[in-house]
Amino acid sequence: MAKHDVVDFARRNFIRIAGGAAALLAASPQAVLAASTGGEAPLKIGTIGSGRIGGTFGSLWVKTGHPVMFSSRHPEKLKDLVDGLGPLARAGTVEEAIAFADVVLLAVPYHAMPQVGKDYASALGRKALVIDATNPIPRRDGEIADWALKKGAGAASAELLPGVRIVRAFNAIGYARLPEIAEREGDPVGMPIAGDDANAIAPASKLVREIGFEPVVIGPLVMGKHLLPRQPLAGVRSPEEVRKIAATLN
Ligand SMILES: NC(=O)c1ccc[n+]([C@@H]2O[C@H](COP(=O)([O-])OP(=O)(O)OC[C@H]3O[C@@H](n4cnc5c(N)ncnc54)[C@H](OP(=O)(O)O)[C@@H]3O)[C@@H](O)[C@H]2O)c1
């Protein structure tokens, strides 16, 4: 995609979202989501992975009023986390979190992605939005990370999770900065996101905005290859800086 196309893509998406995409919502799982939430009502969120990223984002969304089911292969280990967050938080298995959720956050090491795809792509494909915060890291994830980096992280996640409405987000900022950003006042931090489906980008943008960031759509899911640590878009940046950097990428 050419640079001006990236910017145009972002602009088109914001226009679609800002324009209230009622027509676009027809006959999709998003229509069910929109009808059940009315735009402002809480979204039921499930996390696959409840470690540093799943635990932190899930906690932030609980604090903004969303019910969250944190999942683990050992949900009993999440007792302290959910007890500390109050009645909107609960713990479950991965299956239970997917069944519970309108929106799913993927926050597992990339080496788990083939298994997550094999076991859950079908169920995840029935969700309006799956946020992919995962990163392929070769030293941690091995060969699958080499493959994903070569293919591009967005395209790789799409191949591992066929039929799933993926928006890549939250990939390029360390978890330790998140609570401080969510609580601070003043200008928001830009959060680059990438996805193909405007009806998935809309609720993703809402969830990004509610925890103190300004979403910046950098392009379709394939542009998610730029949403990685130690890449030009990584770190804490203003929305305008994110837009300027994104315009240099293809
Ligand atoms: N840490 C950061 O600052 C940061 C920033 C941006 C993106 N990321 C990316 O976000 C992802 C999560 O990172 P993290 O730092 O949150 O990792 P983490 O603290 O190690 O947590 C990983 C979670 O994944 C779960 N998990 C592992 N294998 C699984 C499987 N096969 N099925 C289901 N759940 C599985 C674990 O749950 P159980 O073992 O309890 O089942 C654990 O809760 C990674 O891809 C990472 O690169 C991290």
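Visitor: What volume does the largest cavity have?
Guide: The largest cavity has a volume of about 40 Å³. Keep in mind that this is a predicted model.

Visitor: Which residues line the largest cavity?
Guide: Its lining is made up of A172, I173, G190, M191, P192, L233 and G235. By class, five of the lining residues are nonpolar, two are polar and none is charged.

Visitor: How does anyone find empty space in there?
Guide: A probe the size of a water molecule is rolled over the atoms, and this shows where space is left empty.

Visitor: Where does the ligand sit?
Guide: The ligand sits in the largest pocket.

Visitor: How many residues surround the ligand, and which are the closest?
Guide: The ligand is surrounded by 22 residues, with I53, S72, R73, V108 and Q115 the closest. That shell consists of ten nonpolar, nine polar and three charged residues.

Visitor: Which polar backbone atoms have an oxygen atom of the ligand at 3.0 Å, 2.9 Å or 2.8 Å?
Guide: For S50, a polar backbone atom is 3.0 Å from an oxygen atom of the ligand. For R52, the distance from a polar backbone atom to a ligand oxygen is 2.9 Å. For Y175, again with a polar backbone atom, the distance is 2.8 Å.

Visitor: What share of the ligand's accessible area does the protein cover?
Guide: On its own the ligand has 890 Å² of accessible area, and the protein covers 82% of that.

Visitor: New topic: K79. Which helix is K79 in?
Guide: K79 belongs to helix 5, which covers residues 79-85.

Visitor: Which side chain does K79 join in a polar contact?
Guide: The side chain of K79 makes a polar contact of 2.5 Å with the side chain of D83.

Visitor: And what separates K79 from A91?
Guide: Along the chain, K79 and A91 are twelve residues apart, while 7.1 Å separates their C-alpha atoms.

Definitions and conventions:
Residues numbered from 1 in each chain as written. Predicted model: local features only at pLDDT ≥ 70, side-chain atom pairs only at ≥ 80, totals over all residues. Heavy atoms only, no water. 1 Å grid on protein atoms, 1.4 Å probe; cavity = no way out; pocket = protein on both sides within 12 Å on 5 of 7 lines; lining within 4 Å. Points joined across faces, edges and corners; volume = space filled by probe spheres on them. Nonpolar A, V, L, I, M, F, W, Y, C, P; charged D, E, K, R; others polar. Near = heavy atom within 4 Å. Polar contact = N/O pair within 3.5 Å; in protein donor to acceptor, adjacent residues only side chain to side chain. Areas by Shrake-Rupley, 256 points an atom, 1.4 Å probe, with all protein chains shown as cover. Sits in = over half its atoms within 2 Å of the grid points. Helix = DSSP H or I, 4+ residues; strand = E, 2+ residues; numbered from the N terminus.
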